[in-house]
Amino acid sequence: TARIVTVSSIAYRRAKGINFEDLNSEKSYSPFAAYSQSKLANILFTRSLAKRLAGTSVIANGLHPGTVRIEIFRHLLNGTIAKVLYYLALPLIFMTMKSPIEGAQTTIYCAVDEAVEGVSGKYFMDCKVTQPSKAAVDDDMAERLWKVSAELVALTGGTVE
């Protein structure tokens with residue numbers, strides 16, 4: 001069985017849905033809102049892909065790796081006050097975060113563990129299937145996102161439609 005693993009983030013829960021009227025955040029941009037929406041899109045994409053791959057030897061799952069000590073947070077903060085507070089709290093924040101090796105475990109689990117054989121369209125946290133939010137299981141939104149994405153990349157034909 002081949003496996004497709006999509007790394008998302010628990011931050012997707014901050015997105016209420018996909019803003020199809022401003023999909024690329026050209027009218028209004030917030031780093032954290034854009035990040036959250038992109039992570040929701042990852043989950044919706046993976047669910048749509050899994051449905052399209054049903055009956056094949058390919059599975060697709062999404063996951064949250066945990067809050068990992070990486071530098072992304074400095075790019076998501078707007079304003080001087082937020083950045084100052086972040087750097088003041090950094091030692092405490094880092095103590096609660098996973099190391100990159102710890103953060104990789106769910107990705108590795110989904111990619112190679114025998115327990116995931118035949119499991120598709122699911123969302124994992126800490127090497128376990130978890131129930132995503134209502135927005136992340138919205139099949140209508142997922143289908144609309146799939147169609148819009150296919151149009152944006154001019155996808156035609158192929159076996160995964």
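These legends describe close-up views of one predicted protein model.

Local features here need pLDDT of at least 70, and side-chain atom pairs count only at pLDDT 80 or more, while totals for chains, interfaces and linings use all residues. Residues are numbered from 1 along each chain as its sequence is written, and side-chain values use heavy atoms, with hydrogens and water left out.

**View 1. The protein chain has 6 helices and 4 strands.** Helices (H or I, at least four residues) and strands (E, at least two) are DSSP runs, numbered from the N terminus. Along the sequence, the pattern reads β-α-β-α-α-α-α-β-β-α. The chain has 161 residues, and 36% of them count as buried. Buried means under 20% relative accessible area, exposed means over 50%, and partly exposed lies in between (1.4 Å probe, protein chains only). Take contacts (heavy atoms within 4.5 Å) between residues at least 6 apart in sequence: 76% of them join residues at least 24 apart.

**View 2. Tyr12 and Tyr123 form one of 4 aromatic pairs in the whole structure.** Their ring centres are 5.5 Å apart and their planes stand at 75°, so the pair is edge-to-face. Rings of Phe, Tyr and Trp (its six-membered ring) pair if their centres lie within 6.5 Å; planes under 30 degrees apart count as stacked, over 60 as edge-to-face and the rest as tilted. Tyr12 sits in the loop between β1 (2-7) and α1 (31-53), and Tyr123 in strand β3 (residues 123-125), so the pair ties together parts 111 residues apart in sequence. Tyr12 is buried at 0% relative accessible area. Tyr123 is buried too, at 2%.

**View 3. Phe32 and Tyr35 form a tilted aromatic pair.** The distance is 6.3 Å centre to centre, with 40° between the planes. Both residues lie in helix α1, 3 residues apart, about one turn of the helix. Phe32 is partly exposed, with a relative accessible area of 26%. Tyr35 counts as buried, at 19%.

**View 4. Arg52 lies over the face of Trp146.** The distance from the ring centre is 4.1 Å. A charge sits over a ring if NZ of Lys or CZ of Arg is within 6 Å of the ring centre and within 35 degrees of the ring normal.
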